[in-house]
Amino acid sequence: MIQSKISDYRLCSFVMKIELDGGYLLYNTLTGSLVYLDNTEDIRDTLPKLIEMNYYVPIDFDELAMIDKMRIDARLKSSKRVNSYTIFTTLDCNARCFYCYEKGTPHVSMSEQTANDVADFIIRNSNGQSQDIRWFGGEPLVNENVIDIITEKLNSSKVKFHSRMISNGLLFNKRNILKAQQYWHLQRVQITLDGTKDVYQRAKAYIGAKGNEFERVLNNIEDLLDAKIGVSIRLNQDLYNTEDLINLVNFLVKKFENRKGFAIYNSLLFDDSNDAFKNDPKERNEAFTKLQDILIQKGVFRYKAFSTKFKYSHCMADHDSSITINPIGKIGKCEHYPNDYLIGSIYKENINETILNKWKETYPIIDKCKTCPIYPQCVRIKMCPDSNEKCSYKECENKIKLIRDIVIKRYNDDIQQTK
């Protein structure tokens, strides 16, 4: 074997070098692989292996061209068959959150007949594959009956499936949690909390509120976890509630510490959510990072930092296997647009290819992309309501910091487990 010369190679742009006491970690954001190197090691001794694992590449190697080709090839090879559905059981909701992006949307609910038709549509297209279903709204449990109809029909037709749900959590109870476990095959629920009790009650503004909604949701979270259904808490954050969310996190960690399936993550409210909360971007970013750091330190942050799955799409919107179905059976691609940019209907075979292809249009790369370590995990589509043509440097920095923090924590956890 010809000895590799260190002068002929450089660290791949997609590899993050993370300094540690006495050495450093190399984390490859393309492959998800991680290695530790001691400062006393001669890099020339390990270079052949690092080249083989794509940590080091030739000096003139074009990583971006490689990624772009991989994405094109992956799209060509990917199955065009749909097996992932986001189903809007209703656009109605029992809460009136001030930041809701569906504000002004007609509160249409799916009928029993449409629910039966949705089930038939899934069955026709299942092709023996396991189906992934996500219940969405509004609040999906406002129209719980259609979940029963769809899942009963899938079960009786022997269609394999599992489901997830986006919910505020209030309408769960012991009866429907048992159904969720046995018949809905519910694996995980995302539940939003906006703060401790007083802040939460004001933000949610439940219809016919009795003042005990916060406690009821916490009890429901406990019952879901007891039923082996995972719960991800989404903290909707802005400057007005950051300090209160920190208090909430401390409370939740104490209450649900070491509960399997329990996780928390924070998400900034959309900038246009409410004029009263349009804050200074720097302040909002610092607040976001502060809360995120606390979640990581407490070990409750849910993030797949070691994913080895190649990312060739941004989300469900530009992935061929995923569609949304609104309450009247119209097919779309993005949960943020239940009634707009639709591509078809469960009642018709033809698909609007023009709109479908628009969901796959991406923004061109900028100079920063050429050396950005998270480029393999970054696909920016033009139709995304949470994206713009100018890449947010701060967003990149946040994600790089997040990955670095997660990698270090998991590495240290692994070290502790081996002692």
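A crossing of two helices is called right-handed if the near helix is turned clockwise from the far one by less than a right angle. This sense of the term applies to the helix pairs in the legends below, which describe close-up views of a predicted model.

**View 1. Helices H3 and H4 pack against each other in a right-handed crossing.** The axes of H3 and helix H4, the latter spanning residues 144-156, lie 9 Å apart and meet at an angle of about 35°. On the H3 side, the contact is made by Glu112, Ala115, Asn116, Val118, Ala119, Asp120, Ile122 and Ile123, while H4 contributes Asn145, Val146, Ile149, Ile150, Lys153 and Leu154. Sorted by class, the residues in this contact of H3 with H4 comprise nine nonpolar, two polar and three charged.

**View 2. Helices H7 and H8 form a right-handed crossing.** Helix H7 (residues 213-226) and helix H8 (residues 242-256) have axes 12 Å apart and pack at an angle of about 40°, and the two helices are therefore oblique to each other. From H7, the residues Phe214, Leu218, Ile221, Glu222 and Leu225 meet Leu248, Phe251, Leu252, Lys255 and Phe256 of H8. The contact of H7 with H8 contains eight nonpolar and two charged residues, with no polar residue among them.

**View 3. The second largest pocket has a lining of 21 residues.** This pocket has a volume of about 420 Å³, and the lining residues that lie nearest its centre are Lys80, Val82, Phe121, Ile323 and Ile351. At least two residues of the lining come from each of helix H3 (112-126), strand E12 (322-325) and helix H10 (353-358), and H3, the helix also shown in View 1 packing with H4, gives the most to the lining of this pocket, with three residues.

**View 4. The largest cavity holds about 50 Å³ of space.** The structure contains one cavity of 30 Å³ or more. The lining of the largest cavity is made up of Lys368, Cys369, Cys372, Ile374, Tyr375, Cys378, Cys391 and Cys396. By class, this lining divides into seven nonpolar residues and one charged residue, with no polar residue present.

Terms used:
Residues numbered from 1 in each chain as written. Predicted model: local features only at pLDDT ≥ 70, side-chain atom pairs only at ≥ 80, totals over all residues. Heavy atoms only, no water. 1 Å grid on protein atoms, 1.4 Å probe; cavity = no way out; pocket = protein on both sides within 12 Å on 5 of 7 lines; lining within 4 Å. Points joined across faces, edges and corners; volume = space filled by probe spheres on them. Helix = DSSP H or I, 4+ residues; strand = E, 2+ residues; numbered from the N terminus. Axes fitted to C-alpha atoms, helices over the stretch in contact; angles between N-to-C directions. Parallel < 35°, antiparallel > 145°, perpendicular 65-115°, else oblique. Contact = heavy atoms within 4.5 Å. Nonpolar A, V, L, I, M, F, W, Y, C, P; charged D, E, K, R; others polar.
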